[in-house]
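I opened the notebook to record what I looked up in this model. The entries follow in the order I made them.

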Amino acid sequence: MILIDLAIGLPTMLACLILQVSVTFWVVKYYLRLSARQLSGSGFLVGVRPLMVVMVVMMAGNFLQMAIWGAVFFVLGEFDSMHAAFYHSAVNFTTLGYGDFVMSDERKLLGPLEAANGVLMFAITSAALMSVLQHMIKVHLVAGEKK
């Protein structure tokens, strides 16, 4: 059972990593292109909009990963509806662990694998947001020194 769960969970984790890294590269490139044109010399609040775009897109990547895990649970027959599978996935991915929906004994290891995946993917999201915020602050400090 453990090996089967690992054979299902590890490729799913890898797919989530590829997705989140792709989203991260795209959104950071978007921010850097935008910041080169708009942020220098602008008010500080101008930087909030691109930061919000970065956050929303990164979270969309996380929600898509929850949907991937939910689809895996649904295809495995763990839940009767995609809604229940997605809800259970979101609870696992965010490490809330409500326990109101429980998977079968054969697939219980997938829950902790998804939780570990969620922690890692939220870490990537947090790191990207922090990097963008640091860049935004640096641009505004340099712009302030030039005045």
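How many salt bridges does a search of the whole structure find? I ran the search over the whole structure and got 2 salt bridges. I looked up one of them: the side chains of Arg107 and Asp5 meet at 3.0 Å, N to O. This pair links distant parts of the chain, with Arg107 in the loop between H3 and H4 and Asp5 in helix H1. The two residues are 102 residues apart.

Confidence came next. I noted that the model is predicted. The mean pLDDT of the chain is 89, and I found 88% of its residues at 70 or more. Among the elements of the chain, I find the highest mean pLDDT, 97, in helix H3 (residues 82-93). The lowest, 88, belongs to helix H4 (residues 110-146).

Then I turned to helix packing. Two packed helices are described by the angle between their axes and the distance between the axes, so I looked up both values. Helix H2 (residues 48-75) packs with H3 at an angle of about 125°, and I have their axes 8 Å apart.

Last, I checked the surface. Which residues form a nonpolar patch there? I found Leu14, Leu17 and Ile18, with about 270 Å² of accessible area together. I placed Ile18 in helix H1 (residues 2-38).

How values were computed
Residues are numbered from 1 along each chain as its sequence is written. This is a predicted model: local features need pLDDT of at least 70, side-chain atom pairs count only at pLDDT 80 or more; totals for chains, interfaces and linings use all residues. Side-chain values use heavy atoms; hydrogens and water are left out. pLDDT is the predictor's confidence in each residue, from 0 to 100. Helices (H or I, at least four residues) and strands (E, at least two) are DSSP runs, numbered from the N terminus. Patches are made of residues with over 30% relative accessible area and no salt bridge: like charges are joined within 9 Å, nonpolar side chains (Val, Leu, Ile, Met, Phe, Trp, Tyr) within 5 Å. Accessible areas come from the Shrake-Rupley method with a 1.4 Å probe; for residues, only the protein chains shown count as cover. A salt bridge is a side-chain nitrogen of Lys or Arg within 4 Å of a carboxyl oxygen of Asp or Glu. Axes are lines fitted to C-alpha atoms, for helices over the stretch in contact, and angles run from 0 to 180 degrees between N-to-C directions.
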